[in-house]
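This report describes a single protein chain.

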Amino acid sequence: MTQPKVTRRQGLVGLGATTLAGLTASTATAAAENATFDQSNIIWNTLDGFAHIWYHVVKVDADQKIVDVLFKFAANEQVVKHRHHADYSTFILQGELRIYNDAGDLAEIRPTASYVEKQAGGAPHTEGGGDIDCIALFSNRGTDGVIYEVLGPNNETIATLGLQEFQALWEAQQPPVQPIIPG
């Protein structure tokens, strides 16, 4: 009797299913939690007075009112209290983003690969990384004014960052690594 012929694709799918079946849920979770995003080509920047956070402005489109920024939040730390004044989305590339309410209580955890959309406004809060540094893409949309309002201990405004400030930061940072086009 002849063996049925298996295509390369069927073989790879079968191998993947077998491998996946061999993983327990805890093994898969542990692997995901320990995975790190390759950030070797990202040039991180800081702002004076803002501890536990680094940024890299990806793009500013003043005409479309879009500011895309990568933020890196230090593990087990919290950034300054703030409020969002633009609609935004987040996509978590590494670790987990922990969000704390105004009282300092943990209010939300956004794990790796989670995508969240939020409207402008909301309560004052802080954010920070989980057990490893969190890297998140924030896409801010729909305002040419204030994007982030930085707050003091009594929720008084101590600084604002808007489209113009991010435009200046984007222009001042080193250019990002560019694609390689063979030939």
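## Threonine 90

Threonine 90 is buried, with a relative accessible area of 0%; buried means under 20% relative accessible area, exposed over 50%, and partly exposed in between (1.4 Å probe, protein chains only). The residue lies in strand β4 (residues 87-94). Helices (H or I, at least four residues) and strands (E, at least two) are DSSP runs, numbered from the N terminus.

The side chain of threonine 90 makes a polar contact of 3.2 Å with the side chain of arginine 110. A polar contact is a pair of N or O atoms within 3.5 Å; within protein, one must be able to donate a hydrogen and the other to accept it, and residues adjacent in sequence count only if both atoms are side-chain atoms. Not counting residues up to four places away in sequence, threonine 90 touches Arg110, Ser114, Tyr115, Val116, Leu137 and Phe138, where contact means heavy atoms within 4.5 Å.

## Model and chain

The model is predicted: local features need pLDDT of at least 70 and side-chain atom pairs count only at pLDDT 80 or more, while totals for chains, interfaces and linings use all residues. Residues are numbered from 1 along each chain as its sequence is written, and side-chain values use heavy atoms, with hydrogens and water left out.

Three helices and eleven strands make up the elements of the chain. From the N terminus on, their order is α-α-β-β-β-β-β-β-β-β-β-β-β-α. Of the 183 residues, 34% count as buried. Among contacts in the chain with a separation of 6 or more, 67% are between residues 24 or more positions apart.

## The six-stranded sheet

An open sheet is formed by six strands in the order β6-β5-β8-β3-β10-β11, with antiparallel pairing. Two strands pair if DSSP finds at least two bridges between them. β6 (106-110) and β11 (157-162) stand at the edges with a single partner strand each, so one side of each has no neighbour in the sheet. On average, neighbouring strands of this sheet are turned by 35° against each other, direction ignored. Axes are lines fitted to C-alpha atoms, for helices over the stretch in contact, and angles run from 0 to 180 degrees between N-to-C directions.

Strand β8 (residues 121-129) pairs with β5 (residues 97-100) in the antiparallel sense over four bridges, and glutamate 127 in β8 is the bridge partner of isoleucine 99. β8 also pairs with strand β3 (residues 82-84), antiparallel over two bridges; here histidine 125 of β8 is the bridge partner of histidine 82.

## Helix α3 and valine 146

Helix α3 (residues 163-172) lies across β10 (146-151) and β11, and runs at about 65° to β11. Valine 146 lies in β10 and counts as partly exposed, at 33% relative accessibility. Leucine 161 is 15 residues from valine 146 in sequence and 5.8 Å from it in space, C-alpha to C-alpha. Leaving aside neighbours within four places in sequence, valine 146 is in contact with His85, Ala86, Thr160, Leu161 and Gly162.

## Aromatic rings

The whole structure holds six aromatic pairs. Rings of Phe, Tyr and Trp (its six-membered ring) pair if their centres lie within 6.5 Å; planes under 30 degrees apart count as stacked, over 60 as edge-to-face and the rest as tilted. Phenylalanine 71 and phenylalanine 73 form a tilted pair, 6.1 Å centre to centre with 50° between the planes. Phenylalanine 71 is buried at 10% relative accessibility, and phenylalanine 73 is buried at 1%.

The pair of phenylalanine 71 and phenylalanine 138 is edge-to-face, because the ring centres are 5.3 Å apart and the planes are at 80°. Phenylalanine 71 lies in strand β2 (residues 66-73) and phenylalanine 138 in strand β9 (residues 134-141), so the pair ties together parts 67 residues apart in sequence. Ring pairs link Phe71, Phe73, Tyr88, Phe138, Tyr148 and Phe166 into a cluster.

Lysine 72 lies over the face of tryptophan 54, at 5.1 Å from the ring centre. A charge sits over a ring if NZ of Lys or CZ of Arg is within 6 Å of the ring centre and within 35 degrees of the ring normal.

## Positive phi in loops

Asparagine 76 is in the loop between β2 and β3. Its phi is near 55°, a positive value in a residue other than glycine, and asparagine 76 counts as partly exposed at 47% relative accessibility. Alanine 113, in the loop between β6 and β7 (115-118), has a positive phi near 75° and is likewise a residue other than glycine.
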